[in-house]
Amino acid sequence: MASRPSLFTAFLLFICTALFLIASTSSSQNVTLSLYYETLCPYCADFIVNHLVKVFDRGLISIVNLRLIPWGNAFIQPNGSFVCQHGTNECFLNAIEACTVTIYPDAVRHFRFIHCVEKMSLENKMNEWVNCFGMSGLGKAPIDCYTSGYGEVLERKYAAETSQLKPPHRFVPWVVVNNQPLREDFENFVSYICKAYRGTKIPEACKSLPLESNSSQKENHINSVCYVDQTSNLTSSAPAIN
């Protein structure tokens with residue numbers, strides 16, 4: 001009689017271990033989609049609002065590890081201050097979005113906020129960006145993250161990661177799928193994700209999608225980006241958006 005509980009416990013451990021291994025294998029087969037961007041580049045905003053949002057359609061997110069890296073074409077001056085392509089407001093919002101990703105690691109939650117901010121940018125409503133916390137159901141902890149200086153720490157980490165890209169990024173949005181840069185073909189990221197996926201749980205988004213990219217679209221979108229060498233209003237970082 002005493003052996004029954006131990007046998008049952010062993011059976012439960014076996015089931016739990018098997019389920020864990022299955023979940024781990026499924027997760028390891030996911031495709032990593034990384035977006036290197038800057039918050040006030042209009043082409044980054046357009047990509048996030050009108051294209052990247054597709055990652056949440058028809059189950060695609062179930063096979064994707066989505067990574068958002070808000071640094072873009074910024075650089076660090078010898079005195080340690082940040083210089084962003086679209087000025088001080090962009091440095092501020094880059095850090096706010098970096099804080100949001102860190103505090104709310106669930107992709108659905110932080111993407112909802114970032115999508116809102118970038119939509120505000122497209123609609124020339126940046127003075128209303130703070131409303132995105134309420135509209136996305138998040139608290140204002142990212143502001144505390146920024147004012148504490150941790151936003152700067154995160155941005156330095158993203159700066160280092162962006163500088164180590166191989167090949168180096170030439171513009172933003174710069175989209176990478178499993179370490180493969182899509183270059184000018186970034187809007188076709190869904191096809192690349194589906195082609196890179198090696199698992200068995202094929203989402204609906206991949207079942208009726210041609211897996212070959214459209215080379216003509218590469219040419220059509222070659223100028224819809226913010227290039228590294230195109231800088232404007234270069235000043236050191238400081239929060240300027242109210």
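Which residues in α2 meet which residues in α4?

Modeller: A quick word on the ground rules: this is a predicted model, where local features need pLDDT of at least 70 and side-chain atom pairs count only at pLDDT 80 or more, while totals for chains, interfaces and linings use all residues. Residues are numbered from 1 along each chain as its sequence is written, and side-chain values use heavy atoms, with hydrogens and water left out.

Now your pair. From α2, Pro42, Ala45, Asp46, Ile48, Val49 and Asn50 meet Phe111, Ile114, His115, Glu118, Lys119, Ser121 and Leu122 of α4 (contact means heavy atoms within 4.5 Å). Sorted by class, that contact has seven nonpolar, three polar and three charged residues; Ala, Val, Leu, Ile, Met, Phe, Trp, Tyr, Cys and Pro count as nonpolar, Asp, Glu, Lys and Arg as charged, and the others, Gly among them, as polar.

As for the geometry, α2 spans residues 42-50 and α4 residues 107-122, and their axes come within 9 Å and cross at roughly 130 degrees. Helices here are DSSP runs of H or I with at least four residues, and strands are E runs of at least two, numbered from the N terminus. The axes are lines fitted to C-alpha atoms over the stretch in contact, with angles running from 0 to 180 degrees between N-to-C directions. That angle makes α2 oblique to α4, since under 35 degrees counts as roughly parallel, over 145 as roughly antiparallel, 65 to 115 as roughly perpendicular and the rest as oblique.
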